[in-house]
Amino acid sequence: MEDGKRMKILCLHGFRTSGSFLKKQISKWDPSLFPQFHLEFPDGLFPAGGKSDIEGIFPPPYFEWFQFHKDFTEYTNLEECISYLCEYITTKGPFDGLLGFSQGATLSALLLGYQAQGKLLKEHPPIKFFVSISGSKFRDPSICDVAYKDTIKAKSVHFIGDKDWLKLPSEDLASAFDNPLIIRHPQGHTVPRLDEVATNQLRSWITEVFLSEKKMENGDKTSEESCIANQDKSAIGHNINKREAEVVEVAQT
């Protein structure tokens, strides 16, 4: 794709970290996955209100998107955060997809669910895809009854760690999406390094995202071959028809 036509992804970092840190985390992945995208890494709306887990690992400042109580059922400054992100998405978009880690993934899924229900981003085109890394659902019933009322149709891929303390909540979030791809890894609560299998799974999923976009742009007349020809073939190198064989089990609740 031409540079001006790259698909835009808004990338939301985890609690008490920063956009720069998430960018560094994502840099562990094969760079051939991303030439077709423009990724933006904004900082959270609020300065970190306490100690960051990455102190001594990555330089400050650190930020958080909102605050929460221990049981994750009560939230502070969430509405202000949502308003800020809607303004960001509207003025700097349109954005084709969202990517988030931990708090950023949880927030991204909320935006997708709320948009699907017509609660926000009404003038913004539907956000088409979502990359979740250690995401989870909100637990406030007043939020759940709206955001996850219906299956979210955006294409999604969910990275879930075997040692992640949010493993089960991440599986629950995946179940809120239509036909989610789950990529499991042996690590904990982190943006994982991807082995060859996981990289090929993600590459195949990205190819499907582009196929869907091309079909929409061309009235469903674009063939798989012409779509891939418009991408960097060296970055694809994978047959999308193998996806069914690669997809790990869909989370059950």
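Predicted model: local features only at pLDDT ≥ 70, side-chain atom pairs only at ≥ 80, totals over all residues.
Local features need pLDDT of at least 70 and side-chain atom pairs count only at pLDDT 80 or more, while totals for chains, interfaces and linings use all residues. Residues are numbered from 1 along each chain as its sequence is written, and side-chain values use heavy atoms, with hydrogens and water left out.

Helix H1 covers residues 19-26; helices (H or I, at least four residues) and strands (E, at least two) are DSSP runs numbered from the N terminus. Its buried residues (under 20% relative accessible area, 1.4 Å probe, protein chains only) are Gly19, Phe21, Leu22, Gln25 and Ile26. They lie on the same side of H1 because they cover an arc of only 160 degrees around the axis, taken from the directions from the axis to the C-beta atoms. These buried residues pack against strands S1 (7-12), S7 (97-101) and S8 (129-133), where contact means heavy atoms within 4.5 Å.

Cavities and pockets are found on a 1 Å grid over the protein atoms alone: in a cavity a 1.4 Å probe fits but cannot get out, whereas a pocket is an open set with protein on both sides within 12 Å along at least five of seven lines, and lining residues have an atom within 4 Å of a point. Points are joined across faces, edges and corners, and a volume is the space filled by probe spheres set on them.

The structure holds 1 cavity of 30 Å³ or more, with about 70 Å³ of space in the largest cavity. Its lining includes Ile9, Trp29, Leu99 and Trp205. S8 and helix H6 (196-217) each give two or more residues to that lining, and H6 has the largest share, 3 residues. By class, the lining has 10 nonpolar, no polar and no charged residues (Ala, Val, Leu, Ile, Met, Phe, Trp, Tyr, Cys and Pro count as nonpolar, Asp, Glu, Lys and Arg as charged, the others, Gly among them, as polar).

The largest pocket has a volume of about 640 Å³. Of its 29 lining residues, Phe15, Ser102, Gln103, Trp165 and His189 lie nearest the centre. The lining divides into 13 nonpolar, 10 polar and 6 charged residues. The second largest pocket holds about 280 Å³, and H6 gives the most to its lining, with 4 residues.

The whole structure has 0 disulfides (cysteine sulfur atoms within 2.5 Å). The sulfur of Cys86 is 9.2 Å from the closest cysteine sulfur, in Cys81, too far for a bond.

Technical notes:
Buried < 20%, exposed > 50% of the residue type's maximum accessible area, 1.4 Å probe, protein only.
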